[in-house]
Amino acid sequence: TQNSCLPSGLLIPMDRALQLTESLAAALDDQRQAGKVQHAVVELVRQRVFAIAHGYPDGNDAATLARDPTLLLACERSPMGGEPLASQPTLSRFENAVGPRDLYRFGEALADLVIGRHRKRLGGKVRRITLDLDPTDDPTHVGVVDAVLVGVKAWQVSEVAEAMCPLVGPTTCVVPLQNGVEAPGQLAAV
């Protein structure tokens, strides 16, 4: 049995609760030939989303991760000798088939999820919800946040810990998603 290189973390239950990957998959227009399909669109979306979230952004990692028990469970496949996940060529064809209209529908699906969560949180008592989106990759422009999920490879934890300092305040919850025992200590040291 292969050891899992992906932690189960909080991402799988969060995805199920929010139905994020299901919503993204539903936004795609699947043009594949039905008789040749071995992997459902939602499975391909989950495979890529969870691999990326756990520090495996390169599609070439698909070969390594195809039989990973945690990723198999995340994609609703049996980790006990079942069929492997999609190969790198399959994922590449899948990603390259996504066009501008699919990406637009992705954006709509994400907006619907965010608005739906706020509507539920506010009990439907408001007529207008304003989303203030300020995209940036610079943590100093974000300010202190409620929670930080650290989903990088173990060797990147120290560097990420330094970069996320502007995000962390006295009540910020920092959640390391790596396997192993070193990450919490590395994060706390900063």
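Which residues does Arg46 touch, not counting residues up to four places away in sequence? In this predicted model, the list runs to Asp15, Arg16, Thr21, Glu22, Ala51, Ala74, Cys75 and Glu76. Arg46 itself sits in helix α3, which covers residues 41-53.

Next comes the nonpolar interior. In soluble globular proteins, nonpolar side chains tend to be buried together. Here, the largest nonpolar core is made up of 13 residues, and Phe50, Leu65, Leu71 and Leu85 have the most contacts inside it. Helices α1, α3 and α5 (69-74) each give two or more residues to this core, with α5 supplying the largest share, three residues. Looking at Phe50 on its own, and skipping neighbours within four places in sequence, its contacts are Leu11, Ile12, Asp15, Arg16, Leu71 and Ala74. There is also a second, separate core of 10 residues, with Ala25, Val41, Ala62 and Leu91 among them.

Met14, Leu18 and Leu149 make a nonpolar surface patch of about 220 Å². Of these, Leu18 belongs to helix α1, residues 11-18. Its relative accessibility is 33%, so Leu18 counts as partly exposed, a label that lies in between buried (under 20%) and exposed (over 50%).

Notes: Residues numbered from 1 in each chain as written. Predicted model: local features only at pLDDT ≥ 70, side-chain atom pairs only at ≥ 80, totals over all residues. Heavy atoms only, no water. Patch = residues over 30% accessible without salt bridge, like charges linked within 9 Å, V, L, I, M, F, W, Y side chains within 5 Å. Areas by Shrake-Rupley, 256 points an atom, 1.4 Å probe, with all protein chains shown as cover. Salt bridge = Lys/Arg side-chain N within 4 Å of Asp/Glu carboxyl O. Helix = DSSP H or I, 4+ residues; strand = E, 2+ residues; numbered from the N terminus. Buried < 20%, exposed > 50% of the residue type's maximum accessible area, 1.4 Å probe, protein only. Contact = heavy atoms within 4.5 Å. Core = buried A, V, L, I, M, F, W, Y, C linked by side-chain atoms within 4.5 Å.
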